[in-house]
Amino acid sequence: MPSPSLPVATLLEQGASGYAAYAVQQLFEARPEARDCYPRGPFEAWKSKLSAKLAELAVAVEFESPQLFVSTVSWSRDAFRSRGVSSRDLEVALQSLQGVLQDEMTESTRTALAPYFEAAYRALESRGNAGAAGPENGRREGVPAEDDELNPTALVFLEACLAGEPDRARALVWQALDNDMTLSQVVLEVLIPVQREIGRLWHRAEVGVHEERLVSTVTEEVMVLLRSRVEPPESSARTVVGAAVQGNNHDFGVRSVLDLFAFSGWKTFNMGANLPPESMAATVLDLEADLALISVTLVTQLRTVRPTVDAIRRASDQVRIMVGGRAFQSAPDLWSKLGVDGYASSAEEAVQVADGLFR
Ligand code: B12
């Protein structure tokens, strides 16, 4: 086991695999039926789930935000329920994990971790509609909740993609543009809600990964094609570069934000998914960027933000930096701990915040 003098987050991270294995043994003793959740390899499956929970707990502890841990536990609870697994299994698994940590750690560490577990247990007890429920179930601005309807164009676009008719989906967008839908509206009212809806359906086990792919690939193509309709920026336009932080394979978020910047006349560069800190810094330097956007989707990816910010700051003392993405939804104040200049929760808001930074 790692030395007890290390910071709690590091202790959790370094010991994750061992703690998780020990906790699974305790889980199976306390609740033998938990094996039935994963009949093909219960020990390894639970160990991997609990290792992931420890990694998320480590990040929450690092940022002193129990709400971050709650958001991931709530997400797991909903995914479990949709797959017929009782949240009691998850609760006992977390109790086992907490028990193992209590055995292994000092009194002060136990006390430091207690609020994180208590908040998680409360979230497991809740029915999933309140703030603790996580973005897929809570009603949040700009995020379709269960009973929200997609607008008709978004609905038909989604249906055409799922039916394996990408040509019909693309034609629908061109038709909407001919009927006076703006480029921004296509992104904000069709493409983003469709992506969120396919994610919600996947979370609820109503569609599989291949169906998510059927939709996301067409969304991606349409986003590229939309760019051909944008007027080239003026030579004096400000430059913004954006990327999904290292480890993050979700680049639709930052891409949609950059689209809105392009529609507002900015010079934009999309550096895509999983960009290492030094590459982001080199891009900022080479392109003399005014603004750098860093997109973070999973809570565990928050860890890579600081190294990226540090690398960018070393490369340029002029550039402003903004962060955003799903990882911040449950803790919108978190950005202020990251040494950046701004945060926005949506593409529209991002352009407004950026304009404010240069006023
Ligand atoms: C498509 C998709 C994928 C694709 C991504 C393809 C691509 N090129 O982007 C692939 C298949 C790679 C993928 C992988 C995974 N995914 Co995924 N994915 C999605 C899905 C369905 C859509 C993502 C999307 O396009 N959203 C639409 C964009 C526009 O929304 P957004 O990213 O939040 O961005 C908005 C704001 O956050 C903000 N914003 C974003 N970035 C920035 C940056 C700045 C600077 C600012 C200011 C603002 C800002 O503006 C945007 C517009 O309003 C989502 C569902 C969802 N609700 O998002 C799941 C989802 C994000 N994925 C999820 C998961 C679990 C995974 C995997 C772990 C699955 C697995 N077991 O492998 C992996 C992780 C990969 C990794 N290492 O990153 C979960 C995350 C759950 C959680 N705990 O938060 C989700 C929510 C699905 C779900 N409902 O459970 N995924």
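Is the crossing in which α10 passes α13 left-handed or right-handed? To find out, select residues 252-263 for helix α10 and residues 347-357 for helix α13. The crossing is right-handed. The two axes come within 8 Å of each other and cross at roughly 55°. That angle makes α10 oblique to α13. Now show the side chains at the crossing: Ser 256, Val 257, Leu 260 and Phe 261 come from α10, while Ala 347, Glu 348, Ala 350 and Val 351 come from α13. Sorted by class, the residues of this contact are six nonpolar, one polar and one charged.

Before going on, zoom out and colour by confidence. This is a predicted model, and the chain has a mean pLDDT of 90, with 92% of its residues at 70 or more. Select residues 1-5, where pLDDT stays under 50 and the model has eight contacts beyond four places in sequence. Then try residues 129-147: pLDDT stays under 50 here too, and the model has 35 contacts beyond four places in sequence.

Domain 1 covers 8-133, domain 2 covers 152-227 and domain 3 covers 239-357. If you look from domain 1 to domain 2, their centres, taken over C-alpha atoms, are 35 Å apart.

Time for another pair of helices. Select α6 (residues 152-162) and α7 (residues 166-178). How far apart are their axes, and at what angle do the helices pack? The axes are 7 Å apart and the angle is about 160°. Angles over 145 degrees count as roughly antiparallel, so α6 is roughly antiparallel to α7. α6 passes α7 in a left-handed crossing. On the α6 side, click on Thr 153, Val 156, Phe 157, Ala 160 and Cys 161; they meet Pro 166, Arg 168, Ala 169, Leu 172, Val 173 and Ala 176 in α7. By class, that contact has nine nonpolar residues, one polar and one charged.

One last stop: select α3 (residues 66-82) and α5 (residues 107-125). These helices pack at an angle of about 35°, with their axes 9 Å apart, and their crossing is right-handed. Which residues of α3 meet α5? Show Pro 66, Phe 69, Val 70, Val 73, Ser 74 and Arg 77. The contact of α3 with α5 divides into ten nonpolar residues, one polar and one charged.

Technical notes
Residues numbered from 1 in each chain as written. Predicted model: local features only at pLDDT ≥ 70, side-chain atom pairs only at ≥ 80, totals over all residues. pLDDT = per-residue confidence, 0-100. Contact = placed C-beta atoms within 7 Å. Domains from an automatic or database assignment. Axes fitted to C-alpha atoms, helices over the stretch in contact; angles between N-to-C directions. Helix = DSSP H or I, 4+ residues; strand = E, 2+ residues; numbered from the N terminus. Parallel < 35°, antiparallel > 145°, perpendicular 65-115°, else oblique. Left-handed = near helix turned anticlockwise from the far one by under 90°. Nonpolar A, V, L, I, M, F, W, Y, C, P; charged D, E, K, R; others polar.
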